[in-house]
Amino acid sequence: MANLPTTTERFIQGILPENPVYRQLLGLCPTLAVTNGLQPALTMAAAVGLVLLSANIIVSLIRNLLKPHLRIVVFTLTIATFVTIVDRLLAAYMYPMSKTLGPYIPLIIVNCIIICRCEVCASKQSVVTAAADAVGQALGFGLALCSIAAIRELLGAGMLAGIPVMPSAWPAWVIMVLPPGAFLTFGLLMALVNWVGAARSNNAGKGD
Amino acid sequence: MEYLLDIFLISISAALINNFVLYYFVGICPFIGVSRRVDMAVGMGGAVTFVMTIAVFISWTITSLVLMPGAPISSWIAGFFMSVDKAAAVDLTILTYIVYIFAIASSVQLVEMYVRKFYPSLYKSFGVFLPLITTNCAILFACLTVMSNVVGVDNAADAWDLGEALALGIFGGVGFTIAIVIMAGIREELDLCDIPEPFKGAAITLIVGGILAMAFMGFTGVDSGLKAALASAP
């Protein structure tokens, strides 16, 4: 257990160094599907964060009872339960948004981020660490989603979170809010993140 | 005839127009991870089509027999405990997600055991992908689409029957295979190209995926055109 990261490290790692979307390439399905506007992206990030936090806490509490060959099934059923709860909450309090997100809310069940965190962190470490890890990863996921959604909504509709910001002469690039725009924006942003990362590690190398 | 037309349109729509990968973004993980060589892509596509068909069959059966409001089995069982008109209104749709994910996981397990025992050569070509498929969103997405077309419809006559559900399962898988095989072919060529350093790996794959998605957007509206053409034909 000595080599496992501490609570603070887990929290920090999730936000940028091990960002679930840009670095680990996990949870790409919602990343591409719901980022045509900031509001659905934020709702999605909140839903994933809630499920991730609850699943991590529960898995961490029962980690000593888990049998190795059954653990994936237990993770999946825990996640499915919380996703059902979140789905009902959304349908009760944010009905139009739950219609917009549609099948992507139940698809959180098979979101690799959550299973990956249960496996890597929650099934090995204490509740506090698991919760911090969940919050960190959820923030990282939200950050990634919002960065993509902001660019797509701004270029595709000239708005941010439904408020027009671009001058009215802006010819909305409709392609950006359609499926190809998701792939293109995400691909370019990923290249940008790689480029900045490489430049920083080069500088660090020169500094030594 | 009407029914065949319906099946045909569902198939075309699932395979091309609303391609699972390029339109709904489900199954992106294998699309990026496994699409490095064409033979692997074909294996993965075959495995996904196979499991998707089985999963859609199971989920359609469970939904219409047990989960949906007024389903025969659940209302029959409830009939022992309460009055008949109350029993007919038993609604278990809240359990849908848990039941589906369980059905998918167990059918993947079964398929894996069956294929390993009876088709060792087939197992060698796509067996390694089978466990991955449990967490493949495309399968769950197909099941959810079927559910929304069985439970969520306002008019009972519009609800999908088993044939329509299976058409979605098979051709959704075919669409996935088409997308992942095209992608693998392009990536084999990309290996020979001089790609700028930051774009190497996932970034260039995503951009190629974007261009592919643009190409597939060309199919938009084909279904309504086909429907009009076929319906007006003598």
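A residue counts as buried when its relative accessible area is under 20%, as exposed when over 50%, and as partly exposed in between (1.4 Å probe, protein chains only). By that rule, 46% of the 234 residues of chain B are buried.

Some ground rules first. This is a predicted model, where local features need pLDDT of at least 70 and side-chain atom pairs count only at pLDDT 80 or more, while totals for chains, interfaces and linings use all residues. Residues are numbered from 1 along each chain as its sequence is written, chains are lettered from A, and side-chain values use heavy atoms, with hydrogens and water left out.

**Chain B as a whole**

What is chain B built from, helices or strands? It has 12 helices and 0 strands, where helices (H or I, at least four residues) and strands (E, at least two) are DSSP runs numbered from the N terminus. Here are some overall values:

| Property of chain B | Value |
|---|---|
| Span of the C-alpha trace along its principal axes | about 70 × 50 × 35 Å |

Now for contacts, meaning heavy atoms within 4.5 Å. Take the contacts in chain B between residues at least 6 apart in sequence: 76% of them join residues at least 24 apart.

**A look at helix α1 of chain B**

Helix α1 of chain B covers residues 2-17, and its buried residues include Leu5(B), Ile7(B), Leu9(B) and Ile10(B). What covers them? Among the covering parts are α10 (162-190) and α12 (222-232) of chain B.

**Where the two chains meet**

In the model, 36 residues of chain A are in contact with 34 residues of chain B. The area buried between them is about 3,100 Å², and carbon and sulfur atoms give 86% of it; buried area here is the accessible area (1.4 Å probe) that two parts lose on being put together, summed over both. On the chain A side, Val110(A), Pro179(A) and Phe183(A) lose the most area to chain B, together 20% of what that side buries. How many salt bridges cross this interface? The rule, a side-chain nitrogen of Lys or Arg within 4 Å of a carboxyl oxygen of Asp or Glu, finds 0.

**One loop residue in chain A**

Pro17(A) sits in the loop between α1 (7-15) and α2 (28-33) of chain A. Leaving aside neighbours within four places in sequence, Pro17(A) is in contact with Ile12(A) and Arg23(A).
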